[in-house]
Amino acid sequence: MTPSETDVSELLADTALGIQTKHAPVEAIVAGGRRRRNRRRVTGAAAVALAAACTGGILTSALPDEGSGTASVAAAPHALPRPRTAVIATGVVDGKPWTVSIDVWQRAADTNEAARQWKAMEKAEFPDPQRAGGPEGTQLLHAGWFFANLKVGMRRSFVDDGALPEAGNGKVETSWGKFNSGPNWFAFGVAAPGVHSVTCTWDDGRKATPQLRTVAGTDSQFFAIEAPAPQPNAGLPRCTAGD
Amino acid sequence: MRDTAGETAGAGRDSTDFQAFVVGRWSRLMRTAYLLTGDQYAAEDLVQSCLERAFVAWRRVSVAQDPDAYVRRIMINTHARRYRKGLKEYLSRSDEPALGRDLPQRGDDMAQAVERSDLVAALAQLPFRQREAVVLRYWEDLSETQTAAAMGCSVGTVKSNAARGITRLRSAVGLSRTSTDTTHLTHEGRTR
């Protein structure tokens with residue numbers, strides 16, 4: 001540094017260190033961050049709905065006359081990949097109806113399709129640049145991908161996502177979810193094909209048997225069930241295959 | 001199955017990490033923001049806004065090679081966005097009484113406090129890109145490459161902005177003291 005730079009550097013340090021900083025408002029920052037994230041999800045969902053509506057319009061207008069023999073846009077190789085969706089659980093919390101739905105994205109046939117599918121997922125679902133091996137979507141060549149979404153009243157939020165489990169390993173993977181309003185929790189899980197029943201054991205010793213649901217496009221099974229609040233640092237819900 | 005952010009208990013570890021990050025960086029970010037904005041309240045607002053954005057992207061931030069660089073970039077972008085939106089109140093002007101808030105503390109040298117006010121006023125007069133370059137280079141002690149990454153511009157742009165900023169600051173009234181006055185100061189733990 002030149003003398004004048006050193007001089008300015010010292011003055012900056014003097015000025016910066018001269019201010020008194022209070023304690024970090026951690027709670028306010030976390031609360032603000034959550035509000036930001038929820039706003040972003042709502043905006044994202046609205047954009048997806050708008051895009052879907054536009055796509056629907058284009059598809060309708062591009063559909064061929066009956067018997068013409070021309071291909072529709074939907075059949076074109078560059079049509080945007082889309083998931084299959086199904087509701088797997090419903091209920092009422094704090095007087096508001098809730099649903100957990102699953103989007104299933106098929107396994108990709110080749111690297112090009114994997115990249116396209118990854119891009120479509122990133123646009124349509126909760127974004128995560130690290131998902132499925134990153135923007136090339138390499139993991140999509142080996143397995144399909146699911147997304148679980150929660151809707152309470154009109155509010156939609158992301159619950160979980162992951163690769164669809166392989167058949168025959170008897171695996172049940174779980175995560176906790178919290179309803180947007182109130183202190184109520186639920187357990188979400190995906191069971192490998194071939195699992196016939198699942199039993200969850202809560203922290204207070206009670207047990208529950210959630211209903212397994214299938215979604216078109218995969219043999220994996222999903223469940224979501226209201227649960228007592230987990231203990232802090234409780235880890236993942238203890239739900240195991242019953243047979 | 002991976003943890004999901006925020007609403008699942010599996011995100012507890014992420015949340016704890018984030019809170020530790022906030023507590024550890026708050027003071028430093030506040031000082032940088034103060035130099036950028038020239039006002040303590042605006043600085044708090046900027047840092048809070050920047051950390052809220054970091055919370056949203058925490059999954060990415062926490063696995064980034066240099067989380068501090070990521071957050072610094074968020075802060076610079078947020079600052080630039082606000083400036084471009086015309087939030088002029090964001091900057092203290094030399095004719096505003098806000099500068100008078102920087103009163104000397106107990107045992108503080110009056111001359112030092114006046115100098116701080118002069119510097120803040122002089123910083124506020126700089127174009128915001130020059131101010132960013134000066135603050136990042138000479139307060140944050142970043143290299144030209146790191147500053148360029150934070151500002152999202154080329155090294156050449158950093159060089160020219162920092163040089164012009166330094167020249168203007170040096171020519172500002174009240175910045176003519178010798179560097180020997182403050183050799184006792186520590187720069188967040190580093191003796192200068």
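## Exercises on strand pairing and a disulfide

In chain A of this predicted model, three strands form an open antiparallel sheet, ordered β8-β7-β11. The edge strands, pairing on one side only, are β8 (207-208) and β11 (238-241) of chain A. Strands (E, at least two residues) are DSSP runs numbered from the N terminus, and two strands pair if DSSP finds at least two bridges between them.

Residues are numbered from 1 along each chain as its sequence is written, and chains are lettered from A in the order in which they are written. Local features need pLDDT of at least 70 and side-chain atom pairs count only at pLDDT 80 or more, while totals for chains, interfaces and linings use all residues; side-chain values use heavy atoms, without hydrogens and water.

**Exercise 1.** Determine how many bridges join strand β7 to β8(A), and which residue is the bridge partner of A:Cys200.

*Solution.* 
- Step 1: β7 of chain A spans residues 198-201, and two bridges join this strand to β8(A).
- Step 2: The two strands run antiparallel.
- Step 3: A:Cys200 has A:Ala208 in β8(A) as its bridge partner.

**Exercise 2.** Find which cysteines form a disulfide, and state whether they are buried or exposed.

*Solution.* 
- Step 1: Apply the cut-off: a disulfide is a pair of cysteine sulfur atoms within 2.5 Å. The count over all chains is one.
- Step 2: The sulfur atoms of A:Cys200 and A:Cys239 are 2.1 Å apart, and these residues form a disulfide.
- Step 3: A:Cys200 is in strand β7 and A:Cys239 in strand β11 of chain A, so the pair ties together parts 39 residues apart in sequence.
- Step 4: The link of A:Cys200 and A:Cys239 is right-handed, with 110 degrees about the S-S bond.
- Step 5: A:Cys200 and A:Cys239 are both buried. Buried means under 20% relative accessible area, exposed over 50%, and partly exposed in between (1.4 Å probe, protein chains only).

Terms used: Helix = DSSP H or I, 4+ residues; strand = E, 2+ residues; numbered from the N terminus.
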